[in-house]
Amino acid sequence: MSVLHSKKILLAVSAGIYIAAFLVRGLIKAGADVKVIMTPDAQHFVTPLTLSTLSKHPVEWEFFGDKGDWNNHVEYALWADYMIIAPCTANTLSHMADGTCDNLVLATYLSAKCPVYFAPAMDLDMYQHPTTKENIQQLVQNGNILIPAESGELASGLVGEGRMAEPEHIITFMEQHIASTLPLYGKKVVVSAGPTYENIDPVRFIGNYSSGKMGFEIAKEASRLGAKVTLVSGPSHESCHGYPIERINVISARDMYEAMHQQFTDADVVVMSAAVADYRPKEMATQKIKKNDEDMTIELVKNPDILKSLGEIKTNQLLVGFALETNNEEEFAKQKLAKKNLDFIVLNSMQDKEAGFQKNTNKITIIDKDLSLETFDAKSKADVAKDILNVVLKKL
Ligand code: CTP
């Protein structure tokens with residue numbers, strides 16, 4: 001999923017070639033909510049109707065409407081998560097640099113508190129002019145983000161530098177720039193989720209009711225925060241479709257052990273939210289077991305404790321575990337925290353009706369390795385994931 005998904009983007013169009021229409025389409029495709037404002041002259045190049053059809057919002061270019069009302073530039077500026085001025089002509093550039101404020105685009109730019117990107121578009125000699133270069137420098141110095149012009153055929157027919165960056169390049173530029181500002185950018189987060197299945201024979205297994213929801217929400221939230229995420233999942237119907245998450249599907253505790261150890265060395269954060277089966281049948285029957293006898297006994301052997309084994313080899317990784325308890329909750333969770341060498345543990349109590357398997361909600365207490373405790377209200381698993389990652393962020 002693009003980092004632009006669900007973001008409010010204000011596109012300000014000045015008098016340059018029609019390509020702004022493709023930019024609106026690309027931003028919408030990335031999942032953004034796009035509003036467009038224009039300079040009055042921009043209408044000679046692209047019609048407001050085209051841009052409003054693509055953006056599904058009215059397009060404005062005048063301070064004053066025809067019903068005695070006015071287009072509030074401050075409202076536009078406050079609405080936007082990001083503003084982008086594209087194409088940004090030499091004239092608009094120069095006015096932005098000197099603070100002139102005689103049209104809706106310029107007034108909105110001056111009111112913007114969000115990050116502002118600008119993509120110059122002009123003829124090659126104008127782009128090379130020392131005044132233009134000074135203006136660009138001034139805008140960058142003022143904290144705006146330059147999306148440099150590209151080389152190619154220009155509206156004048158000349159060929160050279162000055163052509164607005166291709167819409168898809170602008171979108172990639174913005175995505176990478178926004179990602180680099182996210183708090184988990186550059187970090188690798190490994191999350192385990194779901195149950196494990198331990199085969200009895202080719203058609204039966206020992207498992208548990210874990211849906212994987214909690215781990216999937218943690219993985220998605222870490223991805224939204226800019227991390228490179230690997231999700232090691234036992235059998236689960238949950239999906240992380242649309243997120244740039246590497247998903248490794250496993251079945252048994254031993255598969256999960258292998259996958260987690262493979263991912264561990266270069267991980268920065270590891271969250272073990274899987275409900276790992278503690279025991280597995282000593283032997284897996286190669287054929288379906290027939291019901292010949294009245295009684296049947298399956299001999300079980302212990303599975304490896306994945307989290308404990310990671311705690312034993314951990315160097316700089318922040319290691320987070322879960323504890324699902326029915327009684328004496330805090331005490332058992334604290335024992336696990338110490339025994340598995342964790343940085344913190346997320347405690348769920350089966351006593352809380354909002355917690356547990358197959359639910360959309362959860363109620364957690366986080367116990368830190370210094371044994372301090374933070375209890376959270378019951379909330380959706382998506383919001384619980386936010387709380388857990390907030391603690392991770394504080395600790396990083
Ligand atoms: N865990 C693990 N490997 C196991 C069992 C558990 O990595 N074989 C992890 C879980 O993913 C969780 C933490 O250890 O993060 C605690 O799991 P839990 O089932 O609450 O505790 P156990 O250590 O299995 O102890 P018990 O079942 O006796 O409560």
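The entries below go from ground rules to helix, strands, ligand and single residues.

**Entry 1: ground rules.** I am working with a predicted model, in which local features need pLDDT of at least 70, side-chain atom pairs count only at pLDDT 80 or more, and totals for chains, interfaces and linings use all residues. Residues are numbered from 1 along each chain as its sequence is written, and side-chain values use heavy atoms, with hydrogens and water left out.

**Entry 2: helix α12.** I took helices (H or I, at least four residues) and strands (E, at least two) as DSSP runs, numbered from the N terminus. For burial I used relative accessible area with a 1.4 Å probe and protein chains only: buried is under 20%, exposed is over 50%, and partly exposed lies in between. Which residues of α12 are buried? In this helix, spanning residues 329-339, I found Glu329, Ala333 and Leu337. Looking down the axis of α12, I see these buried residues within an arc of 65°, so they line one face of the helix. That arc is taken from the directions from the helix axis to the C-beta atoms. On the face turned away from the buried side of α12, I noted the exposed residues Ala338 and Lys339.

I then asked what covers the buried residues of α12. Counting a contact as heavy atoms within 4.5 Å, I found that the cover includes β16 (318-325), β17 (344-349) and β19 (364-368). After α12 comes Asn341, with a positive phi near 55°.

**Entry 3: strand β16.** Seven of the eight residues of β16 are buried, so I wrote it down as mostly covered. For pairing I needed at least two DSSP bridges between two strands. β13 (residues 269-272) runs parallel to β16, and four bridges join them; Val271 has Val320 as its bridge partner in β16. β17 is also parallel to β16, with six bridges between them, and Phe322 stands opposite Val346 in β17. Together β16, α12 and β17 form a right-handed β-α-β unit. Right-handed here means that, with the strands pointing away from the viewer, the path from the first strand over the helix to the second runs clockwise.

**Entry 4: the five-stranded sheet.** What is the strand order in the open sheet of five strands? I read it as β2-β1-β3-β4-β5, with parallel pairing. At its edges stand β2 (33-38) and β5 (145-146), each with a single partner strand, so one side of each has no neighbour in the sheet.

Across from Ile9 is Tyr82 in β3, and across from Ala12 is Ile85 in β3. With β2, β1 pairs in the parallel sense over six bridges, and Leu10 stands opposite Lys35 in β2. Five of the six residues of β1 are buried, so the rest of the structure largely encloses this strand. I also logged a right-handed β-α-β unit made by β1, helix α1 (residues 20-29) and β2.

**Entry 5: around the ligand.** Taking near as a heavy atom within 4 Å, I had 14 residues around the ligand, of which Met272, Ala274, Leu307, Lys336 and Lys340 come nearest. A polar contact is a pair of N or O atoms within 3.5 Å; within protein, one must be able to donate a hydrogen and the other to accept it, and residues adjacent in sequence count only if both atoms are side-chain atoms. A ligand oxygen atom lies 2.8 Å from a polar backbone atom of Met272, and a ligand oxygen atom lies 2.7 Å from one of Ala274. A ligand nitrogen atom lies 3.0 Å from a polar backbone atom of Pro304.

**Entry 6: two asparagines.** Buried or exposed: what is Asn292? Asn292 sits in the loop between β14 (279-281) and β15 (300-302), and counts as exposed because its relative accessibility is 65%. Asn362 lies in strand β18 (residues 361-362) and counts as buried because its relative accessibility is 2%. Leaving out residues up to four places away in sequence, Asn362 touches several others, including Met214, Glu354, Asp377 and Val384.
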